[in-house]
Each structure stands twice: as C-alpha cells, then as structure tokens.
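User: Hi! Could you walk me through this model?
Analyst: Happy to, here it is.

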Amino acid sequence: MANTVLTGLQWGDEGKGKIIDVITETADVVVRFQGGCNAGHTVEVGADKFILHLIPSGIIRPDVECIIGNGVVVDPVALAGEIQELEERGYPVSRRLSISSRCHLVFPYHHQMDGLSETRLGSNKIGTTKRGIGPAYADKARRQGIRAELLRDKDEFEKRFRACAEEYNRLFSQAGMEPVDVEKAWRELADVVPILAPLVRDTALQVNQSIARGDTVIFEGAQGTWLDVDYGTYPYVTSSNTISGSACVGAGVPPSNVGNVMGIAKAYTTRVGSGPFPTELTGETGNLLRDQGQEYGATTGRPRRCGWFDAVATKYAVMLNGADGLAVTKLDVLDHIDPIRVCIGYRINGENVEELPADSREIETCEPIYEELPGWNCSTGGVRCWADLPDKAKAYLERIATLVDAPVSIVSVGADRAQTFFVSG
Ligand code: GDP
Ligand code: IMO
Ligand code: MG
C-alpha cells in the first residue's frame, strides 16, 4: 500500500478512526497531523471500544508506530490520561508513541479562553468543543506558544508556563472571570512531564527515515473538510487546516512522499456545533438518522445534527483533498430509510447553483435540490463484499461516486472493524 492521507470530507465524525484502524492492518506508521483533543476517533474491535483524542488510531494494532505530528496541538494532561487508560487496558503505548518536539501545547488557560470567546459571541457562538484548540493555535500564530520541546527542560517549562498563565489571568480578571489556578495547573503538568518528555523527538526526521526505509505511512486527519479554517464554513470552523495538503506541513513530509488520498464520508451527513448545514433534517427523519447512527459526539456527547448526503459539498471536498477514493461509512444506518435523498444542487434567491458558496451567510440561504433514490429496506450489517450488497445499495453508492467524482474504495456497514470491505476497481 502507498503512503496514504485519510481525511474527512464532511463536518467531521465520518468514521476516520474506524477506517484508519482497518487500513493500518498493512501499515507501519500512523501520523496525526492536525487538530487536538477536540477530535474523538472511535475504533471498535469485538467488545472493545476505544475513543482516541490525540493518540493516532493505529495504536490498537500491535507494532504500529504512532506519531503525533507537529501540526497537532497537544494538551499534556489529556494526552497522559489517554496513554494511561490504554496501558491499563493492556495496550503498550509508550514504547511506540512519539510526540513532535514542535507540537504546541494546550493549557487550562486556553480552555478558559475558549469558553470566554464563546460566551462573548452569545447566540453567534461557534459551538466549540471547549478544548482550548482555537486559543492554542492563536498563540502559535502570534508566536506566544509553548512547544513540546520544553517538556525536556522542566525548569524553563515551569518559568514559561507561569509567565503565560499570569498574563492570561490578567485578561480573565479584566473580564470578571475566575483566574486559572496556576499552582494546581502546574502540579498537574509537573506530574505528566516524566511520562511525556521521553516521547518527545524530531518526528519529521523519523517519518522521512521510515519512508526512506520503505515503510508504509498513514497520515491521520481530524475534523473534516468543511471545518477547515480556510475552506470550511468560516467562522464556524476549527482552527487548523483539515484537508490533505495539511498532512505535509503537519507531519513534515514533502508532497512527493504522499502516494494516495482517501476521503472518508458518511452515507449521509452530520455536523456538531453551530454553522450552516444545507441538508440538515430537523424533523422525524433527522431523529431517525440520529437514533440509528447513534449520532452523539465522541468528545462532548452532544447530539449531532443530521441530514441527507450532500453530493455538491462532498464533490468540492473531493477536489480540495484530491481524493483518489472514497471510504463510505454508516451505510447500514440507511437500511430502513426509503426513499433516500441526495443533494445535487442548491437554489439561492431563486437561482440554481452548483457549488456551495464560500460565505456562510450565503450558505444559510441555500435551499437544497434533491434527487430521490429508492431505499433497500434490508439489513446490510452482515455484508462483507460488494457482490452481497442489495442492488439498491450498490446503486446508491454508485450514484454518490458519480456525483462526487471519486470511486468508492471502502464500504463500512457497522462500527466493528470486521464490518468493512474493500471494493476492487
Ligand atoms: P471520526 O471522528 O471520524 O473517527 O468518527 P467518530 O468516531 O467520532 O464517529 C463515528 C461513529 O460511528 C463512531 O461511533 C463509530 O464507532 C461509528 N461507526 C463507524 N463506522 C460505522 C458504520 O459503518 N456503521 C455504524 N453504524 N457505525 C459506524
Ligand atoms: P473529529 O476528528 C466534529 C467542531 C466543533 C465546532 C468547531 C470548532 O472527531 O471528526 P473547536 O473545538 O475545534 O474549536 O470547535 O469544530 N469540531 C468537530 N466536529 N468532529 C470533530 O473531530 C470536531 N472537532 C471540532 O463542534 O463546531
Ligand atoms: Mg469524531
């Protein structure tokens, strides 16, 4: 298998964790390249369920090397907790996990600032995960961040952390908010330094050396294309670039070393948090999708907004990511929905439009134009190859592939690792 970037083509939660776990069966290295613990990537193997926030989804496969690339913002306390939880469940993590020394760190003052920004926005709030992601990336861009390299120099780390925390606390007092308890926060950080410091290294060097040795590397994206800070439904987006091009920067590899791009999409659409969502269903069918798909956030537990598959938005996402193939997940959730609708265009102010506009205010005015396809009205959860899919399910997938201009390479019909099959070209 070629080195492959996996990214979400919608608004996140497409099933990236599951697909990464599946394809990592034949890979050597998995690198997360952006986001932070706003992500929640679920992997289910038999009765075991794992929700990964910072640790790459390859960790469940023995012997796979896992790397947190420089593009990720790392909450040290959250990461140490995740390592500990997996180790307690019998998965040795420390000996095969690396953290880029260039990763920016997320601290309690970032969480608090995230909350403050949301409060200030009132009814226009982004609906963030409140994991401090935006403020941490903001500190990185304004050159005020603290990077993982300082975990190896505890005295300097403490000095820098305290100085930054005090500066934030001044802002919080001005806003009439409780300051961050610097002593408590430092004690928690000091506790995790010995766990994390030995894992900090130059991961760009490590990944490029792996590639030169002929290892297969998987690049794991978080969030989804429509949450990308440049291309998503701004400002209702996350604070990093989520599209495949970001893998090069966030992992430290040149484009010439990336072989394939796999785009992951649900057979319908979900979104969590605020912002425009043209194919959203607020009535009975939306509730049915939420119930059938168990659409509740893996990180925050919030109910996800559900809607029909948006072929227009996904086609644009295929273009931005350069997806060579699609992994279509959660097909089983549509098993008893008939008819099924797919968005093939929009009407804005009475005119037909074939692209999702860039301006969120304009997206809010989009009325979707739907094509109707017949449902298959039977269970697909036990299907393990293309030939065994009901004809109407095949027709649905083939129609999606045509509309978004990328072939279906993987189909997922349930949360378990085994409920997946590859589609040969
Ligand atoms: P990610 O953030 O893209 O990794 O996706 P999440 O893990 O947040 O959300 C996907 C959810 O759908 C998880 O609960 C998965 O266990 C589940 N899931 C993944 N693929 C399938 C599928 O094909 N069918 C069903 N029913 N559930 C799936
Ligand atoms: P995975 O990797 C779905 C959403 C939040 C909010 C916006 C900004 O599991 O697919 P942030 O906390 O990043 O500042 O929030 O982005 N969001 C996600 N939605 N899946 C995710 O990750 C998300 N990470 C952030 O709900 O709308
Ligand atoms: Mg998720």
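Analyst: Let's start with ligand 2: one of its oxygen atoms is 2.8 Å from a polar backbone atom of Q223, a polar contact being a pair of N or O atoms within 3.5 Å. Mind that this is a predicted model, where local features need pLDDT of at least 70, side-chain atom pairs count only at pLDDT 80 or more, and totals for chains, interfaces and linings use all residues. Side-chain values use heavy atoms, without hydrogens and water.

User: How far is an oxygen atom of ligand 2 from the side chain of T238?
Analyst: The distance to an N or O atom in the T238 side chain is 2.6 Å. For G127, a polar backbone atom lies 3.3 Å from an oxygen atom of the ligand.

User: And how much of ligand 2 does the protein bury?
Analyst: Alone, ligand 2 exposes 550 Å², and the protein buries 98% of that (Shrake-Rupley areas, 1.4 Å probe).

User: Which residues are closest to ligand 2?
Analyst: D13, K16, H41, T129 and T238 are the closest of the 20 residues that surround ligand 2 (a heavy atom within 4 Å).

User: New topic: what is the mean pLDDT of the protein chain?
Analyst: The mean is 97, and 100% of the residues reach 70 or more; pLDDT is the predictor's confidence in each residue, from 0 to 100.

User: Which strand has the lowest mean pLDDT among the elements?
Analyst: That is strand β17 (residues 351–353), at 95, while strand β6 (residues 73–74) has the highest, 99. Strands here are DSSP runs (E, at least two residues), numbered from the N terminus.

Notes:
Residues numbered from 1 in each chain as written. Chains lettered and ligands numbered in written order. Helix = DSSP H or I, 4+ residues; strand = E, 2+ residues; numbered from the N terminus. Polar contact = N/O pair within 3.5 Å; in protein donor to acceptor, adjacent residues only side chain to side chain.
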